[in-house]
Amino acid sequence: MTKHSSTPSADTPQANVSDHRNREEQDPGKIRAMFDRITPTYDFLNHALTLGIDRRWRSAAIRALGPVRGKRALDLCCGTGDITLALAHASEDTFGAITAVDFSPAMLAAARRKIGALPSRDRISLIEASVENLPVISE
């Protein structure tokens with residue numbers, strides 16, 4: 001008598017469909033397109049769905065950095081730039097330069113609009129890139 005496993009093998013259609021979905025869901029182009037699509041409502045939904053807690057955790061994250069006067073800040077996957085803004089607002093003399101990176105052009109455009117009104121905007125660089133391939137030079 002042969003035992004049958006309830007777990008699909010690589011030869012079964014269920015495994016192939018699942019593997020295909022996982023590869024498709026991890027496609028950077030599709031992920032980027034999804035973030036581009038949700039950009040117009042991203043901030044509103046982030047604030048609404050977290051009941052405003054997102055603002056508090058950003059403030060807590062900045063405070064947790066401790067003394068950083070003159071240091072550089074790197075905001076990876078910056079989205080619409082809320083952490084970047086929090087870093088810039090922490091204190092005019094807290095950070096030297098702030099670099100914000102995201103791979104979604106629409107998210108970066110939203111961040112650029114927010115940052116454009118800041119007096120300290122010249123200290124902030126926005127870069128369109130994937131965190132898997134950063135064009136940032138370390139010193």
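Which side chains meet in a salt bridge at 2.7 Å, N to O? Asp-43 and Lys-114 do, where a salt bridge is a side-chain nitrogen of Lys or Arg within 4 Å of a carboxyl oxygen of Asp or Glu. Asp-43 lies in helix H2 (residues 28-49) and Lys-114 in helix H5 (residues 105-115), so the pair ties together parts that are 71 residues apart in sequence. Helices here are DSSP runs of H or I with at least four residues, strands are runs of E with at least two, and both are numbered from the N terminus.

Some ground rules before going on. This is a predicted model, in which local features need pLDDT of at least 70 and side-chain atom pairs count only at pLDDT 80 or more, while totals for chains, interfaces and linings use all residues. Residues are numbered from 1 along each chain as its sequence is written, and side-chain values use heavy atoms, with hydrogens and water left out.

Back to Lys-114, which has another partner: Asp-82 forms a salt bridge with Lys-114, with the closest N and O atoms 2.6 Å apart. Asp-82 sits in helix H4 (residues 82-90) and Lys-114 in H5, so this pair connects parts that are 32 residues apart in sequence. How covered are these residues? Going by relative accessible area (buried is under 20%, exposed is over 50%, partly exposed is in between, with a 1.4 Å probe and protein chains only), Asp-43 is buried at 18% and Asp-82 is buried at 15%. Lys-114, at 24%, is partly exposed.

Helix H3 (residues 53-64) brings in Arg-58 and Asp-54, four residues apart, or about one turn of the helix. Their side chains meet in a salt bridge at 2.8 Å, N to O. Arg-58 is buried with a relative accessible area of 7%, and Asp-54 is buried with 0%. Put together, Asp-43, Asp-54, Arg-58, Asp-82 and Lys-114 are linked in a network of salt bridges, and a search of the whole structure finds four salt bridges.

Arg-58 also lies over the face of Trp-57, at 5.5 Å from the ring centre. For a charge to sit over a ring, NZ of Lys or CZ of Arg has to be within 6 Å of the ring centre and within 35 degrees of the ring normal.

Now for the strands. Strand S2 (residues 95-102) is mostly covered, with six of its eight residues buried. S2 pairs in the parallel sense with strand S1 (residues 71-76) over five bridges, and also in the parallel sense with strand S3 (residues 124-128) over five bridges; strands pair if DSSP finds at least two bridges between them.

Finally, take a look at two loop residues. Leu-51 lies in the loop between H2 and H3, and its phi is near 55°, a positive value in a residue other than glycine. Leu-51 counts as exposed at 71% relative accessibility. Cys-77, in the loop between S1 and H4, has a phi near 55° too, again positive in a residue other than glycine. At 54% relative accessibility, Cys-77 counts as exposed.
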